[in-house]
Every structure is written in C-alpha cells, then in structure tokens.
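This report is a guided reading of one model for someone who has not seen it before. Please look over the sequence and the structure before going on to the sections that follow.

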Amino acid sequence: MKKLLSLFLLSFVMTLGVQAQLLYRISGKNLSTPSYIVGTYHLASAAFADSIPGMAKVQQEVAQVYGELIMESMTNPDSIMKIQKAMMLPDGQSLTKLLAPDRLDRLNAALRASIGADFTNPMLEAQMAKLKPIALNLQMSVMKYMMRQGPGFDATNLIDSYFQKAAMGQGKLVGGLETIDQQMEVLFGRYDIPRQLELLMCSVDNSAHEDEVVDSIIHAYYSQDLDAIKAATDMKYNNSCDPTPEEQARLLSVRNADWLKKMPAIMEKASTLFVVGVGHLIGEEGVLQRLKNEGYTVEAVR
C-alpha cells in the first residue's frame with residue numbers, strides 16, 4: 001500500500017541525481033516567460049510551502065496554477081457522488097463476505113489498532129465493509145500518516161489545495177491536468193478485486209514495514225531530499241506485494257506522458273506553476289527528464 005499512499009499519493013523512481021530540491025524553473029524552447037513545477041507530498045501540511053526556497057516569489061510571478069486536478073471540483077455534489085461510487089464494491093458484495101475468516105480476523109485486528117473498532121461493530125460494518133479493498137486500504141494508510149504526524153496536523157489544510165486557494169485568492173486561473181474521472185480510475189479502478197484484496201492484506205500483515213516507509217517518506221519530503229524519497233519508496237517486499245511494472249506504469253509514466261502532451265500549450269499561453277506529486281518529477285520517465293527531452297531548460301530554483 002506504500003505506492004498508493006503516494007496518492008493520492010506518491011510513487012518514485014530516481015535517476016536524475018538532483019539534490020535537495022522540490023521547485024524547478026522551465027524555460028527555453030517556445031516560452032516567452034518561464035513556468036515552474038513543484039513536487040508535493042499530497043498529505044503534507046500547507047505550512048510547509050513556506051519552507052520551499054523561492055516559492056513565495058514564484059507564486060507572485062506566475063499567472064496561473066495547474067494541479068493534478070482542480071481540488072475545488074472534488075467538493076461539488078456530482079464529484080462527491082462519483083467519488084463515493086468509485087470507492088464502493090458492487091451491490092451485494094462486502095469485505096466481510098470476500099475475506100476468508102483468517103484474513104478477516106487479521107483485518108479486524110488492524111482496524112482495532114488503527115481506529116479502535118472493527119467489523120464486529122454493526123455501525124462500522126455498515127459504513128466501511130462495502131468499501132473496495134483499495135479504498136479501505138487508502139483510508140487506513142491516511143489515518144496512519146495522520147497519527148504519525150502528531151496532534152498539530154490539520155487534514156483540512158494540505159499543500160496541494162493551498163497552492164490553488166492562494167492562486168484563486170489572487171484572481172489567477174486554476175486548472176487541472178486530469179479530471180475527477182481520471183483520478184478516480186487511478187485511485188480505485190486500476191486493480192481488480194482479487195488484487196485489491198491481496199494488497200490490503202499486504203498492508204495488514206506488514207504493519208511495521210508500512211510504518212518504516214511512512215516515517216522515511218515524511219522525513220525525506222520535509223528534508224526536500226529526492227534521493228531519500230527514492231530510497232524510501234523503493235523499499236520492497238520482494239514478493240507479490242510489490243507493484244508489477246504494468247501497475248507502476250499506470251500510476252506514473254503513463255500519466256506523465258499524458259501531462260507532457262498538455263503542458264506545452266498551457267505554458268505557452270501563460271507563465272504557470274504546476275503542482276504535482278513529487279514522484280512524478282523524478283526518473284528517466286519523470287516529468288523533469290521528459291521536459292528536457294522535449295528541448296526545455298529545467299533548472300532548480302534556489
């Protein structure tokens with residue numbers, strides 16, 4: 001589940017050799033003014049933006065902000081219905097029916113450790129047992145992250161939303177590289193149910209490993225250390241719990257390629273700050289290298 005946590009959440013492959021850096025300037029080619037791209041950890045606090053060198057100046061300089069999607073769009077009634085539908089198992093199915101008794105016992109133990117209740121509680125079963133395994137897995141991972149952040153963590157004020165809200169407050173355009181439908185497919189539609197069940201139990205049965213990954217990612221991101229992020233997210237189970245190459249591609253490289261088709265026209269129209277998960281920046285198939293391959297100059301903002 002460590003790959004899903006990145007996403008809303010993050011997955012990373014690193015070969016560029018960049019140093020402690022999250023913000024980059026994009027210039028050259030057909031651009032009359034530079035654009036920028038910043039890597040986020042989707043569950044990082046909004047306050048962390050002030051710690052990124054050059055960030056405040058860039059926010060003032062750009063004419064528009066593009067995220068992976070328009071965060072505000074997630075709160076309209078149509079989007080809420082889509083999200084709820086994407087998270088739910090087909091009618092008549094439930095996790096308590098899909099899981100063998102021994103697996104259900106282990107899941108219940110993990111739920112008790114996480115939220116103090118399990119599926120023997122009728123209210124919890126009614127609320128959560130009809131979730132897709134991947135949706136429950138995501139919720140458990142987010143709760144684990146929040147608990148490890150400490151009591152001051154504010155889940156209503158996260159970094160991706162911050163950049164978009166700040167831009168709207170300045171009267172600037174806010175856009176998205178993906179739609180709600182695309183994001184829901186990434187989050188909840190890319191695995192069949194048997195594979196989702198397998199990944200859910202991977203997280204349940206490897207809690208200590210998950211904790212180690214979460215702690216490493218938190219420290220690496222707040223240190224703005226992409227090499228450490230790579231090392232943390234490359235920690236393997238060395239079994240079927242690891243994502244297949246096809247699963248990893250659907251999460252990262254396929255989406256990166258799609259974004260690179262859209263970004264040139266967006267940047268040519270106006271100076272833009274792109275705000276995307278940091279895992280999309282790095283690697284031979286990452287956005288930074290793809291921009292360079294297209295003839296742009298990509299430089300760290302110090």
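## Terms and basis

A residue is called buried when its relative accessible area is under 20%, exposed when it is over 50%, and partly exposed in between, using a 1.4 Å probe and protein chains only. Helices (H or I, at least four residues) and strands (E, at least two) are DSSP runs, numbered from the N terminus.

This is a predicted model, in which local features need pLDDT of at least 70 and side-chain atom pairs count only at pLDDT 80 or more, while totals for chains, interfaces and linings use all residues. Residues are numbered from 1 along each chain as its sequence is written, and side-chain values use heavy atoms, with hydrogens and water left out.

Strand β2 (residues 35-40) has 6 of its 6 residues buried, so it is largely enclosed by the rest of the structure. Both of its faces are covered, with S35, I37 and G39 buried on one side and Y36, V38 and T40 buried on the other.

Two strands are taken to pair if DSSP finds at least two bridges between them. Strand β1 (residues 23-27) runs antiparallel to β2 and is joined to it by 4 bridges, with Y24 standing opposite I37. Strand β5 runs parallel to β2, and 5 bridges join the two; here G39 stands opposite V276.

## Helix α13

Helix α13 (residues 253-269) has 17 residues, which at 1.5 Å a residue should span 24 Å, and its end C-alpha atoms are 25 Å apart, which agrees; the expected span is 1.5 Å times one less than the number of residues. The helix bends by about 35° at K262, and the proline P264 follows within four residues, the bend being the angle between axes fitted to the seven residues ending there and the seven starting there. Among the buried residues of α13 are R255, W259 and M263.

## Salt bridges

A salt bridge is counted when a side-chain nitrogen of Lys or Arg lies within 4 Å of a carboxyl oxygen of Asp or Glu, and a search of the whole structure finds 13 of them. In one, the side chains of E68 and R255 meet at 3.1 Å, N to O. E68 lies in the loop between β3 and α2 (77-87) and R255 in helix α13, so the pair ties together parts that are 187 residues apart in sequence. Both E68 and R255 are buried.

Being 4 residues apart in the helix, D258 and K262 are separated by about one helical turn. D258 is partly exposed at 23% relative accessibility, and K262 is likewise partly exposed, at 30%.

## The disulfide

When a disulfide is defined as a pair of cysteine sulfur atoms within 2.5 Å, the count comes to 1. C202 and C241 form this bond, with their sulfur atoms 2.0 Å apart. C202 lies in helix α9 (residues 193-205) and C241 in the loop between α11 (226-233) and α12 (245-251), so the pair ties together parts that are 39 residues apart in sequence. The torsion about the S-S bond of C202 and C241 is about -85°, so the disulfide is left-handed. C202 and C241 are both buried.
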